[in-house]
Structure formats: C-alpha cells, structure tokens
Amino acid sequence: MAHHILSKALHVAGIVGKIIEFPFDTVKVRLQSQPDTQPLRYSGPIDCISQSVAQDGIRGLYRGISPPLVGAAAENSALFFGYSIAQNLARKFILPSNYTENKDLKLPIETLVVCGALSGSFTSLVLTPIELIKCKMQVQSTSGNRPVATSSVPLATGKAAIHTLSVPRPPGPITLIKDVVRVYGISGLWHGQMGTFLRETGGSAAWFGAYEYTSMKLRAWGNKEKTSSTDQMIAGAVAGVSYNFFFFPADSIKSKMQTQAIGVQGEPVKGFWDVGKGMYRAHGITALYRGCGITCLRSAPSSAIIFFCFETLKEMFKDVGN
C-alpha cells in the first residue's frame, strides 16, 4: 500500500512538473533544432515564444506534451527507484557496516553523487523513446506558411534533412512511432540514446548531489535535524538548475538528432559525435548552449515541486511502514 502511495505521488509530482515546464521545454527544443546551414530563425527565447504564439497560439507550446505526461510516472519512478536501489547496494557492499545497521545514517555526499549517476544511466533507457517522439512533435507546425523541423507524413524522400515542409495536420505520437519503427526498426526509438545517457548520468549525479549537498548545508545553517519543506524546495530548485546547466551540450545534440526528419529505409543517420561537431563548426560553442537560460529558469520550480512531493510522501511511507 505504501509503495503504491509513493508511486502515485511521483506520478502526480511528475505531471505537475511537466505541465509547468513544458512550454519552456518546447522553446528550448525549437532553439536547439535550428539548422546549421541556414540563418537562425529565432534570435533568442523571447523571439521564439513570440513567433510560436503568433503562429500557433499558446496551444502550440504544449504540442508533444502527451508522451512525457504518459511517461511521467515511469520517468520519476525509474529515477527515484534507481537512486534508492543504488543507495541500498552501496550500504550493503561498499560502505562500512554501520551504514547497513543504521538505515537513517546519511550516506557520504560522494556516494550519493555516484548513486545519482547510476540512477540516471538506468533512466535514460526509459526516457529516450519518450523524448524522441516529444521532440518531433514539439517542432511541428499547424500553419502552412513556415517550415518545421520534422515531419512524419509524408516521410522525407531524399536525404534526411533538418527542416521539411509542414503538413496541414501534424501526425500524432502513434503515427510517429509507427513511422520510426517502419523506417529504422525498434532500435530507431532509441535514436539519441548517447545524448540522453550523458545528460541523465551526469545530470542526475548533479541533480541528486546538488539536492543532498544544499539540504545538508541548509540544515547546518539553521541548526536543524530535518530538512524543512521550504528548504526541500530551495534544494530542489538548486538541483534543477545544476542538472540542466552542466550537461546542456549533450541535450542540445540529442535534440538536434531527434528533430531530424524521418528519412528513408536503409539511409545512414548521423551519430552523436558527428552531429555535435557539425553544430560546433557552424555556430561555435553557443550552438551547444541555445536555450540554456530559459531551461534553467523553468527547471527550478519544477524540480522544487518534484523533490517536495517525493520527500513528503517518503515520510508518509515511513509512517505507514511503522
């Protein structure tokens, strides 16, 4: 029963977080997916928001939200479940016996960072297919007067390109999944896995590490044994910014890969490093950090809510268990 409550809480926290952050995520993906061989369409986040709203309305900023909403439970459950499992394994096989005997004893911060990294690497396998479909939908356009960064129907008939012409009715997630599998096979759903792996492994280490370190410092500063709700949200906000900032280039390359048009069967697809080098050659280091500011801004409240919900329900879990 307690595990069921915790799972539901993570689901709700994930959904709330996605709804808050999704318009900003759409802006980020559209900034990241701009072509290397053409003038930039957007001068920055504000211009991207302005053009997007003028073209498709507010609803356009939420295009592609269905896959991450469906995957919110899986994402957060995998992340926190993996984090808990990694901590249990560290207590049992790596750390001194007193950590096994006393479950309330906090693990060293460096151990928690490694646990976060292991959790992220596991979660990346769950996230990549969800993000592939999300990214393809985010760069669709319902208007007929502008190009968009990907289109599934019709499929690209020549060399896979970054931008193809828009269609009157953009395909939904099921159609996109079918097209990807038809052209690339099941493994095509994990296109961009290297970028997700690097982002989630390093980012989750930074996410959990920053949260635990900030929580520890806030407890020490306030001379408190437990982290208050306010401190949990502050630490969560710091964690969200840390997660996104340090490994943002990996996310940029991943988004560029995942917003490419679906090509033709048997056609080679550029890998992670080739796409990254192409971005750097075209626009320098700034190409790898497009949308970083707005991403860090939106991640703070979302991450604060997720950690607050997790900690609150974890305490309920303990009470039920007792």
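Visitor: What percentage of the 322 residues of the chain count as buried?
Guide: This is a predicted model. Buried here means under 20% relative accessible area. Across the 322 residues of the chain, the share that counts as buried is 53%.

Visitor: How many helices and strands does the chain have, and in which pattern?
Guide: The chain has 11 helices and two strands. Read along the sequence, the pattern is α-α-α-α-α-β-β-α-α-α-α-α-α.

Visitor: Which residues have the most contacts inside the largest nonpolar core?
Guide: The largest nonpolar core has 20 residues. The ones with the most contacts inside this core are F80, L107, W207, F208, A239 and F307.

Visitor: Which helix gives the most to this core?
Guide: At least two core residues each come from α3 (66-93), α5 (109-138), α7 (193-222), α8 (229-246) and α11 (292-321). With five residues, the helix that gives the most is α3.

Visitor: Is F245 buried or exposed, or partly exposed?
Guide: Buried needs under 20% relative accessible area, and exposed needs over 50%. The relative accessible area of F245 is 41%, so F245 is partly exposed.

Visitor: How many salt bridges does a search of the whole structure find?
Guide: One of them joins K18 and E75. Another pairs R298 with E21. The search of the whole structure finds 17.

Visitor: How many residues apart in sequence are the parts that K18 and E75 tie together?
Guide: The closest N and O atoms of the K18 and E75 salt bridge are 3.1 Å apart. K18 lies in helix α1 (residues 2-32) and E75 in helix α3, so the pair ties together parts whose separation in sequence is 57 residues.

Visitor: Are K18 and E75 buried or exposed?
Guide: K18 has a relative accessible area of 13%. E75 has 16% relative accessibility. The limit for buried is under 20%, so K18 and E75 are buried.

Visitor: What separation in sequence do R298 and E21 bridge?
Guide: R298 and E21 form a salt bridge, with the closest N and O atoms 3.2 Å apart. Both residues are buried. R298 lies in helix α11 and E21 in helix α1, so the parts tied together are apart in sequence by 277 residues.

Visitor: How far apart are the closest N and O atoms of R63 and D56?
Guide: R63 and D56 are both buried. They form a salt bridge, and the closest N and O atoms are apart by 3.7 Å.

Visitor: What is the length of the polar contact between the side chains of R199 and E131?
Guide: R199 is in helix α7. At 7% relative accessibility, R199 counts as buried. The polar contact that joins the side chains of R199 and E131 is 3.0 Å.

Note on methods
Residues are numbered from 1 along each chain as its sequence is written. This is a predicted model: local features need pLDDT of at least 70, side-chain atom pairs count only at pLDDT 80 or more; totals for chains, interfaces and linings use all residues. Side-chain values use heavy atoms; hydrogens and water are left out. A nonpolar core is a set of buried Ala, Val, Leu, Ile, Met, Phe, Trp, Tyr and Cys residues joined through side-chain atoms within 4.5 Å. Buried means under 20% relative accessible area, exposed over 50%, partly exposed in between (1.4 Å probe, protein chains only). Helices (H or I, at least four residues) and strands (E, at least two) are DSSP runs, numbered from the N terminus. A salt bridge is a side-chain nitrogen of Lys or Arg within 4 Å of a carboxyl oxygen of Asp or Glu. A polar contact is a pair of N or O atoms within 3.5 Å; within protein, one must be able to donate a hydrogen and the other to accept it, and residues adjacent in sequence count only if both atoms are side-chain atoms.
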